[in-house]
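Please read it beside the sequence and the model.

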Amino acid sequence: MKFKKKIKPYNLAAGGWDSIESTARFIFDSQASLKSIRNLLNINKNDGFDCPGCAWGNDNKSIFDFCENGAKAVAWESTNRTIDRNFFSKNNIDFLYKKDDYFLEYQGRLIEPLYHNGKNNYYEPISWNNAFKLIAKHINKMDHPNQIELYTSGRASNEAAWIYQLFGRLIGTNNFPDCSNMCHEASGIGLKHSIGVVKGTVHLEDFDYADAIFVFGQNPGTNHPRMLHSLRRALNRGAKIIVFNTLRERGLERFTNPKKPIEIITPMEKTVNSAYYQPNLGGDMAVVRGIVKYLFEQHLIHKSSGKNDIFDCKFIINKTHGIVEYFQEVANTSWDQIIKQSGLTKKQICEAASFYQTAKRVICTWGMGITQHKHSVNTVREIVNLQLLFGNIGKRGAGLCPVRGHSNVQGNRTMGINEQPDSVFLDKLKQYFKFEPSRLKGHNTIQALNAMINGHIRVFISLGGNLVAAAPDYVRTKKALSRCDLTVYISTKLNRSHLVTGHESLILPTIGRTEIDQTINGNQYITVEDTFGMVHASQGKSKPLSKKQRSEIAIITGIAYKTLGDKKIKWNDLATDYNLIRKQIADVIPGFKKLTKKCNTLKGFHLINSASKNIFDTESKKAQFSRSPLPNSMFANLKSDVEYFTLQTLRAHDQYNTTIYGLDDRYRGVYGQRNVLFINHNDINELEFKDGQYVDIETIWDDGIIRSIKNFKLVPYNIPSKNLAAYYPETNVLIPINSFGDYSYTPTYKSIPVRLKLSK
Ligand SMILES: Nc1nc2c(c(=O)[nH]1)N[C@H]1C(S)=C(S)[C@@H](COP(=O)(O)OP(=O)(O)OC[C@H]3O[C@@H](n4cnc5c(=O)[nH]c(N)nc54)[C@H](O)[C@@H]3O)O[C@H]1N2
Ligand SMILES: Nc1nc2c(c(=O)[nH]1)N[C@H]1C(S)=C(S)[C@@H](COP(=O)(O)OP(=O)(O)OC[C@H]3O[C@@H](n4cnc5c(=O)[nH]c(N)nc54)[C@H](O)[C@@H]3O)O[C@H]1N2
Ligand SMILES: [Mo]
């Protein structure tokens, strides 16, 4: 595709005609328009496939249940362009390495297994049998089962994730780093501690009953566009949408439903929010603390004048633990600290608190703006604290909603892709499969990278994803992967990770969500779990491009069979009849009995979530208020006199994580380029720079390593002073590998201290 470079603020609403036009552009560019359109009609439909875009639920309220960005994900997968066996004779690894991420994936689908021997500068074809043999050889010669890392990205199905973890545990490891470590880990840890479950507590329908929806640190206009429909419907009923986002995001300001023609041809765009607040990066914990502090003060005033309690005292007494200590902490937190850290005024915080107070039912949703900071777990806990004060959990129209990213990232975790599995799960595996699973903690993503850097890892297998580009500290991540004896990538398209190889490397081409998965037992379907804990089936409709592509399940079972043989598990049977895999899941994982009956994309079934029924599986058997002080400073390791900006790294509209569909970010007015830096206009003036000039960005860190990137164009933007934003993955080089969240190990992708200088 051709891209024209310009910066031009976008004045229209999100959605609307441009959304249709953009969808069409990507479909035509896929060189498989008919297939793409047919695929679009099958997204999230009965007997169709689950949208590979995001983890938002299906509301099945319209004929099309997809959005512009879901359509891009589908068109991207449906392309007829392929990387054939001659590709690498024309394009060697060094040449490809110099190309950008857009170029790499644009080359098309991988259609046969490829091998790189670490010496030649190219990949060459290899048979499936030899590929599996090579992997088995490397695994079987490891000195220790923990010399392997089994990475998972969140697009893998439940069935694939299940056999993958089973394979790993049979080898004897819990080394399952996954994309979730870089994503919603803090949500899982925070929620587990506070309410005893690792998932959110709301159903999609709850959005139709909430009186207020508080949206923290996420950009649904780009990353969960179907969520805008829920927000709009809520607003139309009179509910309040209260947004906290450091940037002004168009999708959270105005929206036209691209699926309602009348709204496109007439200016019926609607405001999406009732109030929009722009806290500092990392300032949300202070915001929520401020809201509680104000409400607590109101509570005391009410009490002293003999009025009713404003908190839900019955809920607090019967269902929670730790309120006294929490209130002490709130009392100890000064307004000065709250205001300074949040970046909001006291008036704004009190106004937001009043919205909260007047709503009977409140849902809090959040995304990466909450989870990718140092104090993310505590921020999640603080959001829970607020909800508990008003009993806003376990009732219709209220609850907690971490909005997951990858379409099946939540399902992967449910299936046991977890480096710290609980003992109940391991006991169940032991009993069912009659082996002794390792009880040693495995590696999360950061620990896996460090183990590789230290030379402790021999084999790295990647079930989807693009770790090299997604992980922090590009230079060190690259070194990590290159120290492995063997790197194996199960992928649909060429990406950066394939070019950063171990001593030997394999690329194993897989079919995707949209494609027919046929075995000798007929067409198979897979299942996935959305952000609301709904499990449903997904079945692709288009013919795979090549007979040499295999399903993820065929690939994992192939590796497992060659490595372990089939004495314990009949891998080849599992590969041809996915019902056998579902039977294992249903027998081992609680709540999955219904999985053995065919569930369709429309209906599916809901997993039990005890917290949503106000049963709290925590230490105290009650929901727990958490007591944590606000962080003293965002960067404790920086000297107090150092001047810095805080940089967040985020997604443009035309990208899916490391997959770059195009070079535009329409809603932010950026076209044909990605190396831009969003900055407050006054900061540009203060630095004596000019709009449109190019700057180098350098991380300020205390480990003596220089991390910098050059030539980023200054784009003035509505963002608080001293806060910056730039796109991921180009900026991952700036993120120190040892800068991660407390308890969560999630890289602090949304707060990096940096300095700027004009580029030469
Ligand atoms: N089209 C598309 N869809 C996607 C993805 C994609 O790349 N493309 N990725 C998928 C994945 S894996 C995920 S995890 C989700 C990600 O979805 P999001 O969570 O929306 O991810 P980001 O693009 O990183 O955007 C973070 C948002 O939070 C704001 N923000 C950042 N820091 C702060 C903060 O400290 N406080 C507040 N209040 N706001 C802050 C940013 O301004 C931005 O609007 O989307 C999923 N869906
Ligand atoms: N700086 C910065 N870094 C971040 C983030 C950030 O906000 N800022 N966000 C983080 C987050 S939230 C996440 S989730 C991670 C994402 O990290 P990953 O999940 O590792 O990365 P993706 O870009 O989603 O992976 C894309 C690749 O997956 C492969 N693929 C696509 N579909 C399929 C399929 O159906 N099967 C298989 N086997 N392969 C497939 C393709 O080859 C494609 O190149 O990145 C993290 N990194
Ligand atoms: Mo994510």
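This is a predicted model: local features need pLDDT of at least 70, side-chain atom pairs count only at pLDDT 80 or more; totals for chains, interfaces and linings use all residues.

Residues are numbered from 1 along each chain as its sequence is written, chains are lettered from A and ligands numbered from 1 in the order in which they are written, and side-chain values use heavy atoms, with hydrogens and water left out.

**Ligand 1**

Ligand 1 is surrounded by 31 residues, of which N245, E249, D284, Q655 and N657 are the closest; a residue counts as near if one of its heavy atoms lies within 4 Å. By class, this shell holds nine nonpolar, 18 polar and four charged residues, where Ala, Val, Leu, Ile, Met, Phe, Trp, Tyr, Cys and Pro count as nonpolar, Asp, Glu, Lys and Arg as charged, and the others, Gly among them, as polar. At least two shell residues come from each of α10 (220-223), α18 (368-371), β25 (645-650) and β26 (655-656); helices (H or I, at least four residues) and strands (E, at least two) are DSSP runs numbered from the N terminus. Domain 3 (185-403) and domain 4 (645-758) each give at least three residues to the shell around ligand 1, with bounds taken from an automatic or database domain assignment.

The polar contacts of both ligands, meaning pairs of N or O atoms within 3.5 Å, include those tabulated here.

| Residue and its atom | Ligand atom | Distance |
|---|---|---|
| N219, polar backbone atom | ligand 1, oxygen | 2.7 Å |
| K750, polar side-chain atom | ligand 1, oxygen | 2.8 Å |
| H406, polar side-chain atom | ligand 2, oxygen | 2.9 Å |
| Y728, polar side-chain atom | ligand 2, oxygen | 2.7 Å |
| Y749, polar side-chain atom | ligand 2, nitrogen | 3.4 Å |

**Ligand 2**

Around ligand 2 there are 32 residues, and E105, Y151, S153, E552 and T658 come nearest. The shell of ligand 2 comprises eleven nonpolar, 15 polar and six charged residues, and at least three residues are drawn from each of domain 2 (84-183 + 408-522 + 546-590) and domain 4 (645-758).

**Strands and overall dimensions**

The protein chain has 29 helices and 33 strands. Strand β30 (694-699) pairs antiparallel with β31 (708-716) over four bridges, and V695 stands opposite F712 of β31; two strands pair if DSSP finds at least two bridges between them. Strand β30 also runs antiparallel to β33 (752-758), to which five bridges join it, with T699 opposite V754.

Elsewhere, six strands make an open sheet of mixed pairing in the order β6-β5-β18-β17-β16-β7, whose edge strands, β6 (124-125) and β7 (148-152), each pair on one side only. Within that order, β17 (486-491) and β18 (504-509) pair in the parallel sense over six bridges, and the bridge partner of Y489 is I507 in β18.

The C-alpha trace spans about 80 × 65 × 55 Å along its principal axes. The chain's radius of gyration of 25 Å agrees with a compact globule, because 760 residues would give a value near 27 Å; this radius is taken over C-alpha atoms, and the globule rule is 2.2 Å times the number of residues to the power 0.38.

Conventions:
A polar contact is a pair of N or O atoms within 3.5 Å; within protein, one must be able to donate a hydrogen and the other to accept it, and residues adjacent in sequence count only if both atoms are side-chain atoms.
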